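Let us read a structure feature by feature. Please have the viewer open.

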Amino acid sequence: MANSYMLQEKQLRDTADWYRERFPGEARQSVEIADQAAGGSFKVAPSMLGDRYVQLGRPVDWNRNPCGDPEFTWVLNRHYHMRDLGKAYLLTGNESYVQAFQEHLRGWRSQNPVPQEVPYGEAVFFQRKGPWRLLEAGPLPKDTGRLHPFPAAGYHIYRSPRHYLFFDAGPLGGSHGHADPLHFEWFRSGKQLLVDPGRYTYEEGEWRRYFKGARAHTQHGGSGRPGPDAVHLLAAMG
């Protein structure tokens, strides 16, 4: 096929040779992922089926979800495999990877037309910057023994020679939010002792409710009432 890249053909081939020589494992993995994708099979991490290839047909059914985890659909439709189709083509020169790329792109567009009746903000909810909040720009605190606030994000950081704590005092993060006001994470001497539980799964049920709930976080005691002030607790421990 005609070269439409900005780089010259020799530059692309040299890059592919360099990649294959320096990163042989990654190169083989890209070709494997591309071969599977061309045949309609995908490994969708970090969904509940992220440890295996799942066959979705030819043409690919982009809306099929063989498990109860919505993350499968969301991650599948981000098309991470297309990077591997491109790398596999450069590594092998096999144009079947280009054909698979075109088939997947055209098939996805035909199955997922632009919504006409759904408000745009709702249609692209998971692409919005919405609930995710970033720390304010600036260097990490260097002085120790006190809390360092980041008011716009609602975060506070405590540092000492032995301890590092991260406090979450920000607003609820929309549909991604957990019941974690005043939750904190604790590192002592470089080892993480208290951690954020994460999401575990997007599948509605007992475990999703638990991991989003207050009892999976560190802002309260066993009774459900607010726990002791963590900074004073550390001061007592030394």
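Q: What should I know about the source and the numbering?
A: This is a predicted model, where local features need pLDDT of at least 70, side-chain atom pairs count only at pLDDT 80 or more, and totals for chains, interfaces and linings use all residues. Residues are numbered from 1 along each chain as its sequence is written, and side-chain values use heavy atoms, with hydrogens and water left out.

Q: How many helices and strands does the protein have?
A: Helices (H or I, at least four residues) and strands (E, at least two) are DSSP runs, numbered from the N terminus. Here they come to eight helices and seven strands.

Q: How do I read burial, and what percentage of the residues count as buried?
A: Buried means under 20% relative accessible area, exposed means over 50%, and partly exposed lies in between (1.4 Å probe, protein chains only). Of the 238 residues of the protein, 32% count as buried.

Q: What about contacts between residues at least 6 apart in sequence?
A: Contact means heavy atoms within 4.5 Å. Among those contacts, 41% join residues at least 24 apart.

Q: Which residues have the most contacts inside the largest nonpolar core?
A: A nonpolar core is a set of buried Ala, Val, Leu, Ile, Met, Phe, Trp, Tyr and Cys residues joined through side-chain atoms within 4.5 Å. The largest one has 14 residues, and those with the most contacts inside it are Val31, Ala34, Leu85, Ala88, Leu91 and Tyr97. At least two core residues come from each of α1 (9-22), α2 (24-38), α4 (81-92) and α5 (96-111). The largest share, five residues, comes from α4.

Q: What does Leu85 touch?
A: Leave out residues up to four places away in sequence. Leu85 then touches Ala34, Tyr97, Ala100, Phe101 and His104. There is also a second, separate core of twelve residues, which includes Ala37, Phe42, Trp62 and Leu76.

Q: How do I check the length of α1?
A: The expected span of a helix is 1.5 Å times one less than its number of residues. α1 has 14 residues and reaches 20 Å from its first C-alpha to its last, close to the 20 Å expected.

Q: Which residues of α1 are buried?
A: Leu12, Ala16 and Tyr19 are the buried residues of α1. They lie on the same side of α1, because they cover an arc of only 65° around the axis. The arc is that of the directions from the helix axis to the C-beta atoms. What covers these buried residues includes α2 and α4. The face of α1 turned away from its buried side carries the exposed residues Lys10, Glu21 and Arg22.

Q: In what order do the five strands of the open sheet run?
A: Strands of a sheet pair through backbone hydrogen bonds, either parallel or antiparallel. Two strands count as paired if DSSP finds at least two bridges between them. Here the order is β3-β4-β5-β6-β7, with antiparallel pairing. β3 (146-150) and β7 (191-194) stand at the edges with a single partner strand each, so one side of each is left without a neighbour in the sheet. Neighbouring strands are turned by 20° against each other on average, direction ignored. For such angles, axes are lines fitted to C-alpha atoms, for helices over the stretch in contact, and angles run from 0 to 180 degrees between N-to-C directions.

Q: How many bridges join β3 to β4?
A: Five bridges join β3 to β4 (residues 155-159). Leu147 has Tyr158 as its bridge partner, and His148 stands opposite Ile157. The hairpin of β3 and β4 has four residues between the strands, and Gly154 takes a positive phi near 80°.

Q: What links β4 to β5?
A: Five bridges join this antiparallel pair. Tyr158 stands opposite Leu165 in β5. Three residues lie between β4 and β5 in their hairpin.

Q: Where is Phe166, and what is it in contact with?
A: Phe166 is found in β5 (residues 163-168). Leaving aside neighbours within four places in sequence, Phe166 is in contact with Tyr155, His156, Ile157, His183, Phe184 and Glu185. Phe166 and Glu185 are 19 residues apart along the chain, yet their C-alpha atoms are separated by 5.2 Å.

Q: How many bridges pair β5 with β6?
A: β5 and β6 (residues 183-188) pair over six bridges. Phe167 stands opposite Phe184 in β6.

Q: Which residue has a positive phi in the turn between β6 and β7?
A: Ser189 does, at about 55°, in a hairpin with two residues between the strands. Three bridges join β6 to β7, and Arg188 stands opposite Lys191.
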